[in-house]
Amino acid sequence: MYTSLQTNRRDFIKKMAKLSAMTAAATMFPGIIFAEEQEKGIPADTNLDWKKAPCRFCGVGCGVLIGTENGKAIAVKGDPKSPVNKGLCCVKGYHSIMALYGSDRLTQPLVKKGNTYIKTSMKEALDLVASKMRETIKEYGKDAVSIYGSGQWTIPDGYVASKLFKGCIGTNNVEANARLCMATAVTGFLTSFGLDEPMGCYEDIDYADTFVLWGNNMAEMHPVLFSRLLDQRQQRGVKIVDLATRTTRTSMAADKSILFNPQTDLAVANAICYELIKNGWVNNSFVEEHCNFSKGLTKMGYGLEDNYQFTDKPEAISFEDYKTFLEDYTPERVSVVSGVSVKDIKYLAAHYGDPNKKVMSLWCMGMNQHSRGTWINNLVYNIHLLTGKISSPGNSPFSLTGQPSACGTVREVGTLTHKLPHGVVNNKENREFAAKIWNVPVENIDPKPTYHTVEMFRALDRGDIRFMWIQVTNPMVTMPKLKRYRDAAKKEGRFIVVSDIYPTPTTDIADVILPSAMWVEREGMYGNSERRTQYFEKMLDPPGEAISDTMQLIEVAKRMGYEKQFYYKDETHIEEIYTEYRKHHEGKKHNLAPLEVLKSQAGAIWPYVDGKETKWRFNAKYDPACSNGKDFHFYGKKDGKAVIWQRPYEPAAEEPDKEYPFWLGTGRVVEHWHTGSMTRRIPVLHQAMPHAYVELHPEDASRMQIKTGDKVKLTTRRGDITLPASVNERGVPAPMQVFVPFFDENMLINDLTLDSFCPISKEPDYKKCAVKVEKV
Amino acid sequence: MPIKSYLVHPQESKKHAVIEMLSRMQQCDVVVAENENILVLVTETESKEEEANLKEALEKIGDIKLMALVSGFDTRKKI
């Protein structure tokens with residue numbers, strides 16, 4: 001709960017003291033709930049106007065109720081009507097509205113003149129953005145302009161961005177930061193099932209008997225969902241298995257913690273499949289009826305060089321071929337490479353193989369930010385397909401997301417270079433379909449994808465891209481091998497526009513800074529991890545001249561001559577955009593709920609067909625799009641069958657050696673959301689976690705005589721950084737590994753990371769590179 | 001005029017007894033975790049002397065296993 005400024009100072013201090021203790025409790029006890037306190041903490045004698053919204057932060061998509069009074073948000077509580085969080089909030093959700101009121105909110109457009117920023121009007125700033133885009137296109141061609149957005153873009157933001165750049169300007173230079181976190185999940189789904197996003201939903205948690213978390217620190221990253229797992233354990237005695245490279249709060253709360261060496265999850269997953277087959281735990285009728293077997297290219301490289309290209313060449317194989325391939329992955333052999341005991345591999349296989357157990361696999365960045373990320377996604381699907389534990393309540397491979405609309409906007413609207421709202425740019429029918437709805441000549445839509453995110457920033461460095469508009473994201477903290485891209489953005493002849501709500505290292509490289517309306521200061525929709533689209537209305541006025549990212553794009557589009565396509569009226573533009581967008585997804589496979597439904601309830605899961613949500617796709621019992629007359633229909637593939645992929649274990653792009661003997665992995669903390677640009681402005685959260693640190697294993701620390709708080713220098717082939725040590729505190733890495741969170745813009749760990757990526761998804765691997773560790 | 005917050009760990013199955021006891025103390029404000037054996041306690045006193053007396057009283061509660069101080073403020077000073 002947030003205290004209004006009217007509250008007296010002593011009450012405010014008391015509340016701060018209470019929140020500090022609650023925050024401390026939340027870090028000690030993952031999933032801790034103070035629900036009653038939320039109600040109690042709401043100021044008395046107020047006439048609050050409560051309105052629903054999805055939370056601003058992660059991809060879980062908790063429903064919150066925001067209490068406003070006299071034009072200010074003064075309280076927030078979990079929405080008891082939301083099936084996602086059932087009235088609960090995590091520590092970030094509790095404090096979410098405070099992120100609206102940081103003292104340094106951007107309120108006026110700023111234009112760089114020499115080394116200073118000059119305040120200007122929004123009208124003049126948008127005029128300048130439009131004229132710079134026109135100039136750049138005239139001088140260097142349409143592919144010299146680009147937009148880099150975000151999984152925090154609302155659905156209308158992403159939609160108008162795609163329409164402007166792909167439909168009107170005619171460039172596929174549209175990317176979003178979800179490339180850095182979810183692209184692998186997309187290619188995993190597409191290669192295995194032909195359609196993106198999980199087949200199940202959060203309700204699976206209420207039915208599963210075993211939860212296997214693959215490199216997923218849910219206790220810190222998805223605390224409300226994790227509390228649902230813990231609740232099920234209390235009620236039904238379910239098992240939670242944490243399979244990870246580092247001991248975290250999730251490991252401590254799990255029934256079993258299993259550590260594996262970085263990158264070797266590939267081998268472990270294959271060993272589980274080997275055991276399933278060896279022990280006769282394969283659901284043969286399911287496999288025969290609903291699965292094909294395939295293999296792809298191997299030794300693909302790691303994308304380290306500019307203009308790297310890779311296209312997989314799938315080749316059909318037989319079940320027998322696949323069994324032969326798995327002979328290399330006996331538990332005994334895999335144990336040697338992975339560090340996981342034979343007993344633990346068999347333990348995992350037994351849980352998946354037990355016909356009386358329903359199993360849910362959950363993952364997020366551990367599997368996605370992986371130089372063989374698409375492969376490991378495929379391999380976990382293999383386990384579920386071999387056992388037939390898929391697309392039914394409680395049997396669910398489930399990829400979680402980190403941003404509120406990574407699914408809703410980036411994946412569904414399709415704000416990636418190769419995508420359209422429905423389908424892909426290199427498909428003629430898909431282009432024709434989009435062009436018709438967008439009211440543009442089909443020739444406008446370029447059939448060739450251009451740059452994925454890493455390559456887009458490389459293109460900026462090379463000068464192939466000259467203009468970049470960055471909205472709702474902070475790449476000057478998040479890009480791997482950051483120094484190259486920071487220097488690139490500062491080069492002569494580059495023009496950078498940044499739309500944001502606070503100053504960040506990314507606004508530092510901007511030529512124009514546009515102040516944006518945040519979250520409930522405008523109207524919009526987000527789409528969460530379980531295919532739930534959620535609407536929020538405008539509850540507050542944005543500060544100063546700030547306007548929504550949607551309106552910024554519309555205004556620039558109009559200035560560039562696209563009035564016909566951007567016909568939307570100021571007062572009704574969100575409704576008009578959503579109605580237009582829905583046309584792209586009409587049909588039983590992806591129909592979105594009408595706006596009036598989204599307004600009346602805590603969102604709706606798509607496909608929304610005949611007034612009903614489809615909770616389990618591909619299962620004829622629940623999914624009206626199934627049409628093959630069988631119990632399951634994987635209709636994303638032409639033959640209606642899912643694919644079991646033969647994918648080997650291959651090492652990471654850079655592994656420890658004599659000179660750089662440790663593994664470096666990066667990640668997040670419960671208090672801060674991503675780069676901390678919002679949560680570091682919330683005093684309680686900032687005080688609870690004021691700066692980054694480097695976690696070491698106690699044995700390594702002892703050998704190097706490093707104690708908590710000592711300064712430690714980390715050096716990779718990209719650069720060095722000095723951070724305070726953390727030994728035996730929140731997380732404990734395995735020996736010869738270190739972990740650093742990336743939220744702290746004063747300690748930019750991404751200056752050290754490597755820009756290797758999964759050749760299929762083009763998503764960088766932030767979890768693995770080689771580092772030297774020295775006490776300062 | 002000190003304000004402090006603590007994490008209070010009650011002895012096993014004594015959570016309700018501790019809540020009841022703390023709720024009776026005028027200077028104490030208790031926030032109960034629904035799903036963990038832990039309480040958040042915020043104390044507000046008028047002087048350092050009263051604060052010391054309260055601390056002594058709290059330490060005498062046998063049903064409290066451990067009390068960990070999280071934050072402390074003195075409202076006479078600007079923060």
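Two residues are in contact if their C-beta atoms, placed from the backbone, lie within 7 Å. The views below come from a predicted model.

**View 1. The contact between chain A and chain B.** Chain A contributes 18 residues to the contact, and chain B contributes 20 residues. On the chain A side, α1 (9–28) and α2 (35–40) each supply at least two residues. The largest share of that side, 10 residues, comes from α1(A). Sorted by class, the side of chain A that touches chain B holds 11 nonpolar, two polar and five charged residues.

**View 2. An open parallel sheet in chain A.** Five strands of chain A lie in the order β11-β9-β8-β14-β15, with parallel pairing. At the edges are β11 (256–259) and β15 (396–399) of chain A, each of which pairs on one side only. Ignoring direction, neighbouring strands of this sheet are turned by 15 degrees against each other on average. Helix α14 (residues 342–353) of chain A packs on the sheet and touches β8, β9 (239–244), β11 and β14 of chain A. The direction of α14(A) makes about 130 degrees with that of β8(A).

**View 3. The pairing of β8 and β14 in chain A.** Strand β8 (residues 210–214) runs parallel to strand β14 (residues 359–363), and five bridges join them. Val212(A) has Ser361(A) as its bridge partner in β14(A).

**View 4. Phe211(A) in the largest nonpolar core.** This core has 269 residues. Those that touch the most other members are Ala25(A), Phe211(A), Ile272(A) and Val738(A). Leaving aside residues up to four places away in sequence, Phe211(A) touches Leu229(A), Val238(A), Ile240(A), Val241(A), Met360(A) and Leu362(A).

**View 5. The cis peptide bond between Trp606(A) and Pro607(A).** Omega of this bond is about -5 degrees. Pro607(A) is in the loop between β21 (604–605) and β22 (608–609) of chain A.

**View 6. Trp519(A), a residue with positive phi.** Trp519(A) is not a glycine, yet its phi is about 45 degrees. The loop that holds Trp519(A) runs between β18 (512–515) and β19 (524–527) of chain A. Trp519(A) counts as buried because 29 other C-beta atoms lie within 10 Å, where 20 or more are required.

**View 7. Ser13(B), a residue with positive phi in chain B.** Phi of Ser13(B), which is likewise a residue other than glycine, is near 60 degrees. Ser13(B) sits in the loop between β1 (2–10) and α1 (15–24) of chain B. Ser13(B) has 9 C-beta neighbours inside 10 Å and therefore counts as exposed, the limit being 12 or fewer.

Definitions and conventions. Residues numbered from 1 in each chain as written. Chains lettered and ligands numbered in written order. Predicted model: local features only at pLDDT ≥ 70, side-chain atom pairs only at ≥ 80, totals over all residues. Core = buried A, V, L, I, M, F, W, Y, C linked by C-beta atoms within 7 Å. Helix = DSSP H or I, 4+ residues; strand = E, 2+ residues; numbered from the N terminus. Nonpolar A, V, L, I, M, F, W, Y, C, P; charged D, E, K, R; others polar. Pairing = 2+ DSSP bridges. Axes fitted to C-alpha atoms, helices over the stretch in contact; angles between N-to-C directions.
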